[in-house]
Amino acid sequence: MLKLRSNIQFLHGLTYGATPTEDGCYFVIWAPNATGIVIHFYTLTEHKLGAIELKERKGGKWIGFIEGAQVGMCYAIEALGEENIDKGYYFKKGRFLVDPYARALNRPFKYDEELYLNNSEQFIPKCIIKPEVMEFDWQGIGKPYVDREGIILYEAHIRSMTMLNPKVPPHLRGTYLGFCHESVIEHLKRLKITTVQIMPVAASMSEPHLVKNGLVNYWGYNPVCFMAPDPRYACDPNNVIDEFKTMVRELHRNNISVILDVVFNHTAEGGIDGPVVCYKGLDAIGYYSYEIVNGRRDLHQFLNYTGCGNTFDCDNKIALRLVYESMVYWTNQMRVDGFRFDLGVTPARDHRNTGFEFNRKSSFFKLFTCDRYLNTALLIGEPWDLGPGGYRLGGYPTGWSEQNDKFRDTVRRFWRGDPGLTAVFATRLMGSRDVFAKGYRSINASVNYVTYHDGFTLEDLVSYSHKHNELNGENNRDGTDENFSSNCGVEGPTKDRAILKKRRQLKRNFLATVIISQGIPHILSGDELCKSQRGNNNSYCQDNDLNYLDWTHTQEKEDLIKFIGLLCSLRKQSKAISELNLDDDNFHILEKNYIVKWRLPSGHPVRDDVWESPSFKSFLLYLGSKDIDHERWCLLFNASDREVIFNLPITPHNKKWSARVDTSEEDGIPRRLSDESGLMDVCAPWSLKILYMETLTQIQEFETGSDLLRHLNRMTQLKYGKNR
């Protein structure tokens with residue numbers, strides 16, 4: 001029997017939400033302007049158990065202890081009071097809300113206009129009472145060591161990853177447990193991935209206009225409950241937390257770390273006229289930012305720097321506390337290793353003192369240096385939003401990495417053949433130090449990518465010159481028009497062998513450039529499987545095969561998987577490629593420093609006037625340890641339409657240049673040989689080549705590697721005439 005206990009001893013340090021004990025449950029609900037709070041109780045199947053009204057409010061907190069409320073029961077909140085937008089109040093008798101601090105929901109959000117307007121109790125999912133510390137058998141598996149220099153990111157969507165994977169049992173497809181199936185983990189290991197970046201898993205709700213058009217917010221960038229993993233990805237929604245933890249544990253078991261894509265910039269409640277399901281109904285003024293008119297907040301206009309109708313106010317202490325506790329919960333109890341922040345400028349805006357401007361000294365940023373759970377997390381910001389001054393690439397504090405769209409655009413244009421880009425392309429290769437200041441930011445502050453979830457896939461980047469988003473129902477107006485893509489002669493699918501060959505080579509060029517550049521490499525899931533979205537560069541609302549990965553085996557896919565694995569292996573084995581430390585770039589003080597030299601194909605240094613020449617499209621990058629006995633690399637780039645012969649740097653008598661990668665070959669294995677001296681090499685049109693300085697002993701050791709590496713070594717031996 002449920003009963004409100006009077007004269008309770010309120011526990012010091014009790015958090016918001018529901019905190020169960022042996023004989024009942026404490027409730028703490030923030031709703032400073034409500035006239036009353038009612039907690040409604042249910043079974044997991046939503047059989048009504050009763051309702052209890054809280055009687056005490058301390059400051060803005062409504063508190064109470066309810067005897068008989070137990071772990072596993074469900075609840076919803078009813079906030080009583082005045083519904084008056086002029087005051088920013090959205091209280092209403094009969095309107096049911098979810099708790100912002102809910103750890104689990106008994107079912108997914110599914111927007112239904114009729115239910116929302118006429119049967120709020122049936123419409124809203126119910127929060128499941130969970131213990132403050134939830135037991136789980138981690139089987140002694142700890143978190144992998146995460147250091148930015150060794151990270152290779154793989155961005156993936158829980159559902160997309162396995163919906164069409166025949167090796168995953170049907171009941172596991174599209175779920176957390178499917179994501180950690182042995183076949184998926186084996187695939188990630190073949191690619192040599194170190195870190196998966198999982199698209200949003202916080203419980204979210206589709207926008208009403210999408211539902212009316214028969215679509216959904218598939219990507220999940222429309223959250224409601226920041227702490228609750230979305231039940232739509234669970235085999236058993238009532239066991240969603242354990243299923244999520246199982247996924248994390250199994251990835252960690254295989255030394256793959258997990259970072260979550262989180263959305264703390266807006267919620268699914270939309271604008272003033274949007275649905276009221278959580279924050280609006282408790283304290284809209286506390287959780288959201290408003291437009292300033294004549295020096296005062298206009299409570300009829302939410303600030304909209306996100307394009308989603310509202311802006312979550314992380315400069316307000318109640319909103320910031322929720323964000324903070326959410327991140328601590330995910331890192332501590334769910335054991336994730338870091339976060340990628342969607343529209344990451346918004347949470348760092350100072351809404352009170354600097355006119356809503358981005359502030360690298362904001363309270364949001366300070367959280368990460370002050371908390372022991374967060375200061376070791378991998379942090380990646382999307383350094384822009386839609387507000388004034390919203391583009392802040394390079395403006396984040398030390399310890400953060402940022403999505404580098406300048407890298408994306410430059411690399412796309414360089415390999416497309418745009419003139420005059422070689423100088424800036426070289427800057428992107430070296431960690432974009434024009435953006436991320438030397439001495440203040442790590443060379444791995446840049447997250448390097450050519451494809452992300454919002455944009456063309458790699459296959460579409462080389463197959464379409466224009467977006468084709470008609471299926472989204474917005475007359476192709478959504479999604480960016482600035483793609484810097486090329487269809488190589490035909491828009492979309494073709495059977496022309498020459499065009500298909502060029503497309504495959506361009507894809508290898510893009511992947512190789514991402515993986516060998518200074519910074520954190522980012523690979524979009526499905527790119528290794530030639531995934532096409534048929535030219536759709538904004539597939540956020542498509543829950544179908546447009547987003548699902550196609551696991552059908554082809555030789556092209558197999559070659560690309562091996563190619564990525566080879567490149568990632570090279571990166572992992574090289575200190576010079578994974579984190580270059582130069583004399584004038586001393587963010588780190590390390591025992592070994594490295595050298596970088598830029599050369600023309602002739603072998604001469606590149607002059608300043610040559611860098612800016614529109615016809616300059618082929619160069620050699622020489623980098624490695626100052627000590628000749630340690631690693632040295634030659635990277636040959638040829639973005640011209642002709643074959644180029646490169647004069648290579650002279651090597652000591654006991655060392656030779658060994659070709660490791662050639663993007664002109666379908667599998668990346670070099671087959672075009674240089675002359676007998678080993679000091680000249682050929683780079684095919686529109687390709688790049690990677691050479692490593694080795695001793696004969698190293699070449700012999702190289703032979704003991706994988707079949708791919710042994711094949712590569714045989715080519716190396718032929719090149720140097722060892723078996724003549």
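This is a predicted model: local features need pLDDT of at least 70, side-chain atom pairs count only at pLDDT 80 or more; totals for chains, interfaces and linings use all residues.
Residues are numbered from 1 along each chain as its sequence is written. Local features need pLDDT of at least 70 and side-chain atom pairs pLDDT 80 or more, while totals for chains, interfaces and linings use all residues; side-chain values use heavy atoms, without hydrogens and water.

**View 1. Helix H9 (residues 317-332) is largely enclosed by the rest of the structure.** Helices here are DSSP runs of H or I with at least four residues, strands are runs of E with at least two, and both are numbered from the N terminus. Of the 16 residues of H9, 12 are buried (under 20% relative accessible area with a 1.4 Å probe, protein chains only; exposed is over 50%, partly exposed in between). Among them are Leu 322, Glu 325, Tyr 329 and Trp 330.

**View 2. Helix H12 (residues 422-429) is mostly covered.** Look for 6 buried residues out of 8: Thr 422, Ala 423, Phe 425, Ala 426, Arg 428 and Leu 429. Their packing partners include helix H11 (405-416), helix H14 (497-516) and strand S28 (618-625). Just after H12 comes Gly 431, with a positive phi of about 90 degrees.

**View 3. Asn 404 sits in the loop between strand S24 (401-403) and H11.** This residue is buried, with a relative accessible area of 0%. Beyond its neighbours within four places in sequence, Asn 404 is in contact (heavy atoms within 4.5 Å) with residues including Leu 393, Phe 436 and Tyr 449. Its side chain also makes a polar contact of 3.0 Å with the side chain of Ser 446 (N or O atoms within 3.5 Å, one able to donate a hydrogen and the other to accept it; residues adjacent in sequence count only if both atoms are side-chain atoms).

**View 4. The largest pocket has a volume of about 1200 Å³.** Of its 45 lining residues, Trp 219, Thr 306, Leu 343, Asp 454 and Asn 538 are the closest to the centre. A pocket is an open set of points on a 1 Å grid, where a 1.4 Å probe fits, with protein on both sides within 12 Å along at least five of seven lines; lining residues have an atom within 4 Å of a point. H11 gives the most to this lining, with 3 residues.

**View 5. The second largest pocket has a volume of about 630 Å³.** Among its 34 lining residues, those closest to the centre include Leu 374 and Leu 378.

Definitions and conventions:
Grid points are joined across faces, edges and corners, and a volume is the space filled by probe spheres set on the points.
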